[in-house]
Amino acid sequence: MSITIGFIGGGNMSTAIAKGILRNDSYSASQIWVSGPHTAHLKHWEEMGANVTDKNGEVLSKCDVVFLGVKPGVLSYAVSDCLKSLPSGGPRKNFFFVSMLAGIAIETLHEAFKVFDFPTSVIRIMPNTPMSVGAGICLYTPDDTIKPEQCMLLEKLLNSCGICEKVTETLMNSGSCLPGCGPAFMYIVIEALADGAVKQGVPRAMALRWASQVLVGSGEMVLQSKKHPGHLKDEVCSPGGSTICGVTALENGRIRATLISAIEAATLRTYEMGKK
Ligand SMILES: NC(=O)C1=CN([C@@H]2O[C@H](COP(=O)(O)OP(=O)(O)OC[C@H]3O[C@@H](n4cnc5c(N)ncnc54)[C@H](O)[C@@H]3O)[C@@H](O)[C@H]2O)C=CC1
Ligand SMILES: O=C(O)[C@@H]1CCC=N1
């Protein structure tokens, strides 16, 4: 029997994960259930062929694994919606959640799940939107009750989304902003590189295509060559050439300090969100 996959909250990140999962021919949209307060906002799920409902409990009762995809601030509402709309009298199993809520610790998730009168298990993940095109990263940390088969199930589900890496919860807290927020930072880099080329007279669409491919290609070089990025940078910089002049401009603009500060600011905010 094929697995049923639920999403409570069908916004940007849930949609990206579902699209990533569906890149794998082993899964079909008819196996997916999604809930949200306004089904009109879930049209794109219907178009994909997924099952849509405004009852979180229906997703919980129908699915073998349920991704929690609401904003951290509405966790308790989403959980109480689950309870209110859970069909009565049905068999009670151990519910298997996968939470993508940034900053929300496993302990806090279990606090919220206390309203249920049945056992729950949870894997906390930090996904990113490029999972939708198979080039994402998903960090994950299981709680103490999660069995190795459940971790394997998650890895199998996300097999076509990109890299999936098990980490400790400490690393999840300190390290999640690079994969989670990083794409937004890199879109700004792509846009700015393209702006630079446009300023020199390159048509916008061409400039965006080139800038995107430069980021993809540079990442691939680091991954495949296993060389340090500084070494790869040196291979591009001819003595007295054009690149080193550009590198000087970047250093004058404190690009390294700025990117380090971006990760730091996002991480501090994630800790704050976890405290609420
Ligand atoms: N957007 C991203 O790149 C990433 C987001 N995340 C996490 O994913 C979660 C969702 O973020 P986004 O998808 O960006 O937000 P979003 O605003 O696009 O999606 C949230 C969805 O939850 C629904 N919702 C609100 N209250 C609900 C309730 N009581 N029951 C069911 N659904 C409800 C909303 O209608 C909306 O569709 C957040 O916790 C965020 O921290 C994690 C990593 C990356
Ligand atoms: O900005 C946010 O809060 C979420 C978490 C990681 C990416 N987006």
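How many of the 276 residues of the protein count as buried? The answer is 31%, where buried takes 20 or more other C-beta atoms within 10 Å of a residue's own, exposed takes 12 or fewer, and partly exposed is in between, with C-beta atoms placed from the backbone. Keep in mind that this is a predicted model, so local features need pLDDT of at least 70 and side-chain atom pairs count only at pLDDT 80 or more, while totals for chains, interfaces and linings use all residues. Residues are numbered from 1 along each chain as its sequence is written.

**The big picture**
- The protein has twelve helices and eight strands; these are DSSP runs numbered from the N terminus, with helices (H or I) needing at least four residues and strands (E) at least two.
- Along its principal axes, the C-alpha trace spans about 75 × 35 × 30 Å.
- Take the contacts (C-beta atoms, placed from the backbone, within 7 Å) with a separation of 6 or more: 69% of them join residues 24 or more positions apart.

**The core**
- The largest nonpolar core has 53 residues; such a core is a set of buried Ala, Val, Leu, Ile, Met, Phe, Trp, Tyr and Cys residues joined through C-beta atoms within 7 Å.
- Val34, Val66, Leu68 and Cys138 touch the most other members of this core.
- Helix H1 (residues 12-22) gives the most to the core, with six residues.
- The axes of H8 (residues 177-199) and H9 (residues 204-225) come within 8 Å and cross at roughly 135°; axes are lines fitted to C-alpha atoms over the stretch in contact, and angles run from 0 to 180 degrees between N-to-C directions.
- That angle makes H8 oblique to H9, because under 35 degrees is roughly parallel, over 145 roughly antiparallel, 65 to 115 roughly perpendicular and the rest oblique.
- Among the residues that meet are Met186 and Leu193 in H8, and Trp210 and Leu215 in H9.
- The residues of this contact divide into 13 nonpolar, one polar and one charged; Ala, Val, Leu, Ile, Met, Phe, Trp, Tyr, Cys and Pro count as nonpolar, Asp, Glu, Lys and Arg as charged, and the others, Gly among them, as polar.

**Out in the open**
- None of the eleven residues of helix H11 (residues 242-252) is buried, so H11 lies largely in the open.
- Just after H11, Arg254 takes a positive phi of about 55°.
- Tyr77 sits in helix H4 (residues 75-85) and is partly exposed, with 13 other C-beta atoms within 10 Å.

Methods. Chains are lettered from A and ligands numbered from 1 in the order in which they are written. Two residues are in contact if their C-beta atoms, placed from the backbone, lie within 7 Å.
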